[in-house]
Amino acid sequence: MGFLYTFNAQEGEQALLRMEMRALFGEDTSAGILLSDRDIDVSRSPFVKERVEIVIEGGSVSEIAEQASRLNLEGRKFLIRYLKRNDLAPADKIEYDEQRDIERTVARRMRGMASVRQPDVIYAIVPYGGRWFFGVYARNAALWRDHMRRPSPYSIALPTRLARAVVNIAAPDEDPSARKVIDPCCGSGTTLVEALSIGARISGRDINPLVTTGARANIAHFGYSCEVTLGDIAGVTEHYDSAIIDLPYNHVTKITPESQRDILLHARRIADRVVVLSIAAIDELLAGVGFTIADRCVWSKGTFERHVMLCE
(Lines give C-alpha, C1' and ligand atoms only; values in the text may rest on other atoms or scores of the structure.)
Protein backbone atom coordinates (compact mmCIF):
# COMPACT_ATOMS: atom_id res chain seq x y z
CA MET A 1 0.00 0.00 0.00
CA GLY A 2 3.01 2.28 0.07
CA PHE A 3 5.17 3.98 2.67
CA LEU A 4 5.07 7.12 4.78
CA TYR A 5 8.41 8.79 5.49
CA THR A 6 9.15 11.58 7.96
CA PHE A 7 12.13 13.89 7.62
CA ASN A 8 14.31 16.12 9.75
CA ALA A 9 17.16 18.47 8.82
CA GLN A 10 19.46 20.79 10.70
CA GLU A 11 19.85 24.48 9.94
CA GLY A 12 21.43 24.98 6.53
CA GLU A 13 20.50 21.49 5.35
CA GLN A 14 16.88 21.97 4.28
CA ALA A 15 17.71 22.63 0.63
CA LEU A 16 19.87 19.50 0.47
CA LEU A 17 17.14 17.46 2.14
CA ARG A 18 14.64 18.52 -0.52
CA MET A 19 17.10 17.87 -3.34
CA GLU A 20 17.72 14.36 -2.00
CA MET A 21 13.95 13.83 -1.70
CA ARG A 22 13.50 14.80 -5.34
CA ALA A 23 16.15 12.26 -6.31
CA LEU A 24 14.87 9.40 -4.14
CA PHE A 25 11.12 10.01 -4.32
CA GLY A 26 10.59 12.18 -7.39
CA GLU A 27 9.05 14.96 -5.29
CA ASP A 28 9.65 16.96 -2.14
CA THR A 29 7.59 18.52 0.62
CA SER A 30 8.07 21.16 3.28
CA ALA A 31 5.65 19.35 5.62
CA GLY A 32 8.31 16.91 6.86
CA ILE A 33 6.24 13.88 5.83
CA LEU A 34 5.74 12.20 2.47
CA LEU A 35 3.62 9.35 1.10
CA SER A 36 5.38 7.30 -1.58
CA ASP A 37 5.27 3.92 -3.28
CA ARG A 38 9.10 3.81 -3.30
CA ASP A 39 10.64 1.27 -0.93
CA ILE A 40 13.65 3.14 0.49
CA ASP A 41 15.50 1.72 3.50
CA VAL A 42 14.79 3.91 6.52
CA SER A 43 18.49 4.24 7.40
CA ARG A 44 19.67 5.11 3.90
CA SER A 45 19.16 8.88 4.05
CA PRO A 46 20.67 11.16 6.70
CA PHE A 47 17.37 13.05 6.72
CA VAL A 48 14.72 10.32 6.91
CA LYS A 49 13.66 10.02 10.54
CA GLU A 50 10.97 7.31 10.42
CA ARG A 51 9.21 5.02 7.97
CA VAL A 52 5.78 3.42 8.12
CA GLU A 53 5.11 0.49 5.80
CA ILE A 54 1.37 0.89 5.34
CA VAL A 55 -0.87 -2.12 5.89
CA ILE A 56 -4.19 -0.36 6.62
CA GLU A 57 -5.80 2.85 5.39
CA GLY A 58 -9.08 4.31 6.60
CA GLY A 59 -11.18 7.40 7.03
CA SER A 60 -11.19 7.32 10.85
CA VAL A 61 -9.47 5.80 13.86
CA SER A 62 -12.43 3.47 14.43
CA GLU A 63 -12.14 2.23 10.85
CA ILE A 64 -8.43 1.56 11.39
CA ALA A 65 -9.24 -0.30 14.63
CA GLU A 66 -11.82 -2.47 12.87
CA GLN A 67 -9.37 -3.48 10.16
CA ALA A 68 -6.56 -3.99 12.69
CA SER A 69 -8.74 -6.49 14.55
CA ARG A 70 -8.38 -8.83 11.58
CA LEU A 71 -4.57 -8.78 11.51
CA ASN A 72 -2.91 -12.10 12.28
CA LEU A 73 0.01 -11.35 14.59
CA GLU A 74 0.94 -15.02 14.97
CA GLY A 75 1.48 -14.61 18.70
CA ARG A 76 3.83 -11.64 18.41
CA LYS A 77 3.78 -8.90 21.04
CA PHE A 78 3.15 -5.43 19.62
CA LEU A 79 3.37 -1.74 20.39
CA ILE A 80 1.44 1.08 18.71
CA ARG A 81 2.80 4.61 18.36
CA TYR A 82 0.96 7.71 17.26
CA LEU A 83 3.28 9.44 14.79
CA LYS A 84 3.85 13.00 15.95
CA ARG A 85 5.19 14.15 12.59
CA ASN A 86 2.17 14.53 10.31
CA ASP A 87 0.49 17.10 8.07
CA LEU A 88 -2.21 18.32 10.46
CA ALA A 89 -2.62 22.09 10.65
CA PRO A 90 -1.59 23.64 14.00
CA ALA A 91 -5.26 24.24 14.87
CA ASP A 92 -6.00 20.52 14.37
CA LYS A 93 -3.02 19.22 16.34
CA ILE A 94 -3.82 16.18 18.48
CA GLU A 95 -2.56 16.57 22.03
CA TYR A 96 -0.80 13.99 24.18
CA ASP A 97 -3.81 12.49 26.00
CA GLU A 98 -5.78 12.05 22.77
CA GLN A 99 -2.73 10.48 21.12
CA ARG A 100 -2.64 7.83 23.87
CA ASP A 101 -6.42 7.29 23.50
CA ILE A 102 -5.95 6.67 19.76
CA GLU A 103 -3.22 4.10 20.46
CA ARG A 104 -5.40 2.32 23.04
CA THR A 105 -8.47 2.34 20.78
CA VAL A 106 -6.61 0.39 18.12
CA ALA A 107 -4.65 -1.83 20.53
CA ARG A 108 -7.81 -3.03 22.30
CA ARG A 109 -9.17 -4.40 19.02
CA MET A 110 -6.01 -6.27 18.01
CA ARG A 111 -5.46 -9.97 18.61
CA GLY A 112 -2.23 -10.29 20.53
CA MET A 113 -0.43 -8.93 23.57
CA ALA A 114 0.56 -5.27 23.77
CA SER A 115 4.06 -4.73 25.16
CA VAL A 116 5.74 -1.40 25.81
CA ARG A 117 9.17 -2.74 26.73
CA GLN A 118 9.75 -5.76 24.50
CA PRO A 119 7.48 -5.67 21.45
CA ASP A 120 8.17 -8.03 18.57
CA VAL A 121 6.72 -5.53 16.13
CA ILE A 122 6.06 -1.79 16.39
CA TYR A 123 3.15 -0.25 14.53
CA ALA A 124 2.45 3.42 13.89
CA ILE A 125 -0.81 5.25 13.28
CA VAL A 126 -0.73 8.63 11.59
CA PRO A 127 -3.14 11.12 9.98
CA TYR A 128 -2.09 12.25 6.53
CA GLY A 129 -3.92 13.91 3.66
CA GLY A 130 -7.27 13.71 5.43
CA ARG A 131 -6.95 9.94 5.91
CA TRP A 132 -5.56 7.64 8.60
CA PHE A 133 -2.73 5.19 7.97
CA PHE A 134 -1.49 2.26 10.03
CA GLY A 135 1.58 0.14 9.43
CA VAL A 136 4.90 -1.30 10.52
CA TYR A 137 7.14 1.35 12.05
CA ALA A 138 10.93 1.69 11.65
CA ARG A 139 13.36 4.37 12.80
CA ASN A 140 16.61 5.51 11.17
CA ALA A 141 19.65 3.88 12.80
CA ALA A 142 21.83 6.92 11.85
CA LEU A 143 24.76 4.75 10.76
CA TRP A 144 26.57 7.81 9.40
CA ARG A 145 27.32 8.93 12.98
CA ASP A 146 29.68 5.99 13.46
CA HIS A 147 31.48 6.95 10.25
CA MET A 148 32.47 10.30 11.73
CA ARG A 149 34.98 8.43 13.91
CA ARG A 150 37.20 7.22 11.08
CA PRO A 151 40.88 6.44 11.73
CA SER A 152 42.24 8.62 8.91
CA PRO A 153 40.43 11.97 9.00
CA TYR A 154 41.09 14.66 6.41
CA SER A 155 40.62 18.32 7.36
CA ILE A 156 38.75 19.30 4.19
CA ALA A 157 36.74 16.08 3.78
CA LEU A 158 33.01 16.38 3.18
CA PRO A 159 30.87 16.05 6.31
CA THR A 160 29.33 12.60 6.48
CA ARG A 161 25.68 13.76 6.24
CA LEU A 162 26.46 15.78 3.12
CA ALA A 163 28.41 12.88 1.61
CA ARG A 164 25.60 10.41 2.30
CA ALA A 165 22.98 12.66 0.68
CA VAL A 166 25.22 13.22 -2.35
CA VAL A 167 25.56 9.45 -2.80
CA ASN A 168 21.77 9.12 -2.78
CA ILE A 169 21.48 11.87 -5.40
CA ALA A 170 24.07 10.14 -7.56
CA ALA A 171 22.47 6.69 -7.16
CA PRO A 172 18.78 7.23 -6.33
CA ASP A 173 17.46 3.78 -7.36
CA GLU A 174 15.47 1.72 -4.84
CA ASP A 175 18.32 -0.77 -5.13
CA PRO A 176 21.49 1.33 -4.56
CA SER A 177 23.61 -1.30 -6.33
CA ALA A 178 21.75 -0.75 -9.60
CA ARG A 179 24.32 1.83 -10.76
CA LYS A 180 28.08 1.77 -11.04
CA VAL A 181 29.49 4.91 -9.38
CA ILE A 182 32.94 6.50 -9.19
CA ASP A 183 34.43 9.25 -7.06
CA PRO A 184 37.60 10.20 -8.98
CA CYS A 185 38.58 12.89 -6.43
CA CYS A 186 37.77 10.73 -3.41
CA GLY A 187 40.18 12.17 -0.84
CA SER A 188 40.07 10.12 2.36
CA GLY A 189 37.01 8.20 1.18
CA THR A 190 34.08 9.86 2.95
CA THR A 191 31.70 9.33 0.03
CA LEU A 192 33.08 5.81 -0.50
CA VAL A 193 32.24 4.77 3.07
CA GLU A 194 28.74 6.25 2.86
CA ALA A 195 28.09 4.64 -0.51
CA LEU A 196 29.32 1.22 0.61
CA SER A 197 27.24 1.40 3.79
CA ILE A 198 24.01 1.69 1.77
CA GLY A 199 25.00 -1.06 -0.65
CA ALA A 200 26.06 1.07 -3.62
CA ARG A 201 28.71 -0.12 -6.10
CA ILE A 202 31.44 2.51 -6.02
CA SER A 203 35.15 2.90 -6.70
CA GLY A 204 37.51 5.71 -5.76
CA ARG A 205 40.53 7.45 -7.22
CA ASP A 206 42.78 10.34 -6.23
CA ILE A 207 46.10 11.87 -7.26
CA ASN A 208 47.39 12.08 -3.67
CA PRO A 209 48.98 8.82 -2.44
CA LEU A 210 48.60 9.82 1.22
CA VAL A 211 44.84 10.30 1.02
CA THR A 212 44.28 7.16 -1.04
CA THR A 213 46.11 5.22 1.67
CA GLY A 214 43.84 6.91 4.22
CA ALA A 215 40.77 6.11 2.16
CA ARG A 216 41.64 2.42 2.09
CA ALA A 217 42.21 2.47 5.86
CA ASN A 218 38.87 4.18 6.50
CA ILE A 219 36.99 1.75 4.28
CA ALA A 220 38.60 -1.29 5.89
CA HIS A 221 37.98 0.12 9.39
CA PHE A 222 34.22 -0.10 8.85
CA GLY A 223 34.40 -3.55 7.29
CA TYR A 224 33.86 -2.51 3.67
CA SER A 225 35.91 -2.94 0.54
CA CYS A 226 36.14 -1.31 -2.87
CA GLU A 227 38.77 -0.37 -5.42
CA VAL A 228 40.73 2.80 -4.66
CA THR A 229 43.33 3.67 -7.30
CA LEU A 230 46.05 6.30 -7.52
CA GLY A 231 45.86 8.68 -10.47
CA ASP A 232 43.95 11.56 -11.98
CA ILE A 233 40.58 11.43 -13.67
CA ALA A 234 42.19 11.53 -17.12
CA GLY A 235 43.37 7.98 -16.54
CA VAL A 236 39.86 6.60 -16.03
CA THR A 237 38.94 4.44 -19.03
CA GLU A 238 35.78 2.67 -17.83
CA HIS A 239 32.32 4.18 -18.20
CA TYR A 240 30.13 4.71 -15.12
CA ASP A 241 26.45 5.36 -14.55
CA SER A 242 27.23 8.14 -12.07
CA ALA A 243 30.18 10.15 -10.81
CA ILE A 244 30.66 12.35 -7.76
CA ILE A 245 33.05 15.28 -8.26
CA ASP A 246 34.06 17.36 -5.25
CA LEU A 247 36.09 19.93 -7.16
CA PRO A 248 39.49 20.79 -5.63
CA TYR A 249 39.48 24.38 -4.43
CA ASN A 250 43.07 25.38 -3.54
CA HIS A 251 43.16 24.45 0.14
CA VAL A 252 45.81 21.76 -0.28
CA THR A 253 46.53 21.38 -3.97
CA LYS A 254 46.61 24.45 -6.18
CA ILE A 255 44.27 24.17 -9.12
CA THR A 256 43.58 26.52 -12.00
CA PRO A 257 40.22 27.14 -13.69
CA GLU A 258 41.63 25.27 -16.69
CA SER A 259 42.33 22.23 -14.51
CA GLN A 260 38.80 22.37 -13.08
CA ARG A 261 37.47 22.47 -16.63
CA ASP A 262 39.56 19.43 -17.54
CA ILE A 263 38.18 17.50 -14.55
CA LEU A 264 34.62 18.31 -15.60
CA LEU A 265 35.30 17.40 -19.23
CA HIS A 266 36.56 14.00 -18.13
CA ALA A 267 33.61 13.60 -15.75
CA ARG A 268 31.26 14.13 -18.68
CA ARG A 269 33.26 11.58 -20.68
CA ILE A 270 33.16 8.82 -18.06
CA ALA A 271 29.63 9.14 -16.57
CA ASP A 272 26.05 9.80 -17.61
CA ARG A 273 24.98 11.41 -14.31
CA VAL A 274 27.39 13.64 -12.39
CA VAL A 275 26.95 15.31 -9.00
CA VAL A 276 29.35 18.26 -8.77
CA LEU A 277 30.24 19.99 -5.52
CA SER A 278 31.99 23.36 -5.49
CA ILE A 279 32.52 26.32 -3.19
CA ALA A 280 30.68 28.66 -5.61
CA ALA A 281 28.19 28.53 -8.46
CA ILE A 282 29.98 27.45 -11.65
CA ASP A 283 27.13 27.55 -14.16
CA GLU A 284 29.21 28.93 -17.03
CA LEU A 285 31.97 26.39 -16.48
CA LEU A 286 29.48 23.51 -16.45
CA ALA A 287 27.67 24.78 -19.54
CA GLY A 288 31.01 25.22 -21.30
CA VAL A 289 31.77 21.49 -21.03
CA GLY A 290 28.29 20.51 -22.19
CA PHE A 291 26.52 19.85 -18.88
CA THR A 292 22.91 20.74 -18.12
CA ILE A 293 22.10 21.36 -14.45
CA ALA A 294 19.06 19.17 -13.69
CA ASP A 295 18.82 20.11 -10.00
CA ARG A 296 20.80 22.06 -7.46
CA CYS A 297 21.01 23.38 -3.91
CA VAL A 298 23.36 25.10 -1.48
CA TRP A 299 24.32 23.26 1.71
CA SER A 300 25.91 25.13 4.61
CA LYS A 301 27.14 24.56 8.12
CA GLY A 302 28.75 27.55 9.76
CA THR A 303 31.33 28.89 7.32
CA PHE A 304 31.49 25.58 5.41
CA GLU A 305 29.39 25.82 2.24
CA ARG A 306 28.94 23.68 -0.84
CA HIS A 307 27.00 24.19 -4.05
CA VAL A 308 25.58 20.80 -5.05
CA MET A 309 24.68 20.46 -8.73
CA LEU A 310 23.18 17.44 -10.45
CA CYS A 311 24.44 17.49 -14.02
CA GLU A 312 23.36 15.43 -17.00
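Tutor: What follows starts with the whole chain, turns to the sheet and its helices, and ends with a few other places. This is a predicted model, in which local features need pLDDT of at least 70, side-chain atom pairs count only at pLDDT 80 or more, and totals for chains, interfaces and linings use all residues. Residues are numbered from 1 along each chain as its sequence is written, and side-chain values use heavy atoms, with hydrogens and water left out.

First, the chain. Its secondary structure comes to nine helices and 13 strands. Helices (H or I, at least four residues) and strands (E, at least two) are DSSP runs, numbered from the N terminus. The C-alpha trace spans about 70 × 40 × 35 Å along its principal axes. Of the 312 residues, 51% are buried. Buried means under 20% relative accessible area, exposed over 50%, and partly exposed in between, with a 1.4 Å probe and protein chains only. Contact means heavy atoms within 4.5 Å. Among the contacts with a separation of 6 or more, 71% join residues 24 or more positions apart.

Now the sheet. Six strands form it, in the order β2-β1-β3-β6-β5-β4. The sheet is open and its pairing is mixed. Two strands pair if DSSP finds at least two bridges between them. At the edges stand β2 (33-36) and β4, each of which pairs on one side only. Neighbouring strands are turned by 30° against each other on average, direction ignored. Axes are lines fitted to C-alpha atoms, for helices over the stretch in contact, and angles run from 0 to 180 degrees between N-to-C directions.

Helix α2 touches β3, β5 (121-128) and β6. Its direction makes about 80° with that of β3. Helix α3 (residues 96-109) touches β4, β5 and β6. The direction of α3 makes about 145° with that of β4.

Look closely at α3. With 14 residues at 1.5 Å a residue, α3 should span 20 Å, and its end C-alpha atoms are 21 Å apart, which agrees. The expected span of a helix is 1.5 Å times one less than its number of residues. Buried in α3 are Q99, R100, I102, E103 and V106. Seen down the axis, these residues fall within an arc of 155°, so they line one face of the helix. The arc is that of the directions from the helix axis to the C-beta atoms. Their cover includes α2, β4, β5 and β6. D97 and R108 are exposed on the other side of α3.

I80 gives a view from the sheet. This residue lies in strand β4. I80 counts as buried because its relative accessible area is 7%. Its contacts, not counting residues up to four places away in sequence, are E103, V106, A107, M110, Y123, I125 and F134. I80 and A124 are 44 residues apart in sequence, yet 5.4 Å apart in space, C-alpha to C-alpha.

Two loops deserve a check of the backbone. E74 sits between α2 (61-68) and β4 (78-82). Its phi is positive, about 55°, although E74 is not a glycine. With 65% relative accessibility, E74 is exposed. A142 sits between β6 (131-139) and α4 (144-147). This residue, also not a glycine, has a positive phi near 50°. A142 is buried, with 12% relative accessibility.

Last, strands further along the chain. Strand β7 (residues 180-183) pairs with β8 in the parallel sense over four bridges. K180 has R201 of β8 as its bridge partner. From β7 the chain crosses through helix α6 (residues 190-197) to β8, a right-handed β-α-β crossover. A crossover is right-handed if, with the strands pointing away from the viewer, the path from the first strand over the helix to the second runs clockwise. Strand β8 (residues 201-206) is mostly covered, with five of its six residues buried. Three bridges join β8 to β9 (residues 228-230), and these strands run parallel. R205 stands opposite T229 in β9. Between β8 and β9 the chain passes through helix α7 (residues 209-221), and this β-α-β crossover is right-handed.
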